Each structure stands twice: as structure tokens, then as C-alpha cells.
Amino acid sequence: MPDVIKLKGTTVALSNTANAVGGATIVRLTHSSAGNADRVLTQAYANGTTIANTYILAGETLYIIKGGTDTLKIDTGTDVYATPVAYS
């Protein structure tokens with residue numbers, strides 16, 4: 001991902017409730033916890049069927065590409081933030 005990104009919407013705190021992140025197709029994810037609190041991130045279709053999952057480690061930032069109606073959620077907590085972005 002490039003060092004410069006274009007912000008496309010409002011940052012949301014992910015939880016264990018599915019969130020389409022404003023219909024974003026590229027999402028910047030930041031896990032704000034500096035402790036030992038890794039989270040399981042799940043991407044699913046709008047109907048709830050899981051597409052994939054991965055861990056987001058404490059303090060990590062990553063970018064994912066998803067379908068506009070696909071949702072994201074984490075297993076527990078509210079310390080993973082999702083921001084709609086675009087390549088700049």
C-alpha cells in the first residue's frame with residue numbers, strides 16, 4: 001500500500017457485529033491496543049457467509065480489499081478501527 005492514501009469516509013470501531021464500513025472496497029485497519037490483545041478479523045458476504053479471516057495483531061495496521069457489501073467484524077473488543085480509503 002502506498003504511503004499516501006485518500007480518506008473516503010468516517011472511521012468506525014469494529015466489534016463483533018458485522019459492518020460494511022460505508023460500502024468501502026479498500027479499508028485501512030488499525031488495532032490500537034499496545035498490549036497482548038490480538039483479534040480475529042472476519043470478512044463475510046452481506047448474507048453472513050464467511051469469506052475469510054485472519055489475525056490482526058496488537059498495534060498492527062493493515063489494508064484489505066473487499067466487496068462493497070462485504071462486512072468486517074472482530075471476535076471481541078472495540079479496539080480495531082476501520083477507515084475507508086483509496087490509493088492516492
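Me: How do β4 and β7 pair, and over how many bridges?
Reply: Strand β4, residues 39-44, pairs with β7 in the antiparallel sense over four bridges. Pairing here requires at least two DSSP bridges between two strands, and strands are DSSP E runs of at least two residues, numbered from the N terminus. This is a predicted model, where local features need pLDDT of at least 70, side-chain atom pairs count only at pLDDT 80 or more, and totals for chains, interfaces and linings use all residues. Residues are numbered from 1 along each chain as its sequence is written, and side-chain values use heavy atoms, with hydrogens and water left out.

Me: Which residue in β7 is opposite Q43?
Reply: That's L72.

Me: What's the strand order in that open sheet?
Reply: Three strands make it up, in the order β5-β4-β7, with antiparallel pairing. β5 (50-56) and β7 are at the edges with a single partner strand each, so one side of each has no neighbour in the sheet.

Me: OK, switching to the core. Which residues touch the most other members of the largest nonpolar core?
Reply: L14, V21, V27, L29 and L72, out of 13 residues. Such a core is a set of buried Ala, Val, Leu, Ile, Met, Phe, Trp, Tyr and Cys residues joined through side-chain atoms within 4.5 Å.

Me: And S33, buried or exposed?
Reply: S33 counts as buried because its relative accessibility is 17%; buried means under 20% relative accessible area, exposed over 50%, partly exposed in between, with a 1.4 Å probe and protein chains only.

Me: Where is S33, then?
Reply: In the loop between β3 and β4. Leaving aside neighbours within four places in sequence, S33 is in contact (heavy atoms within 4.5 Å) with A58, G59 and D79.
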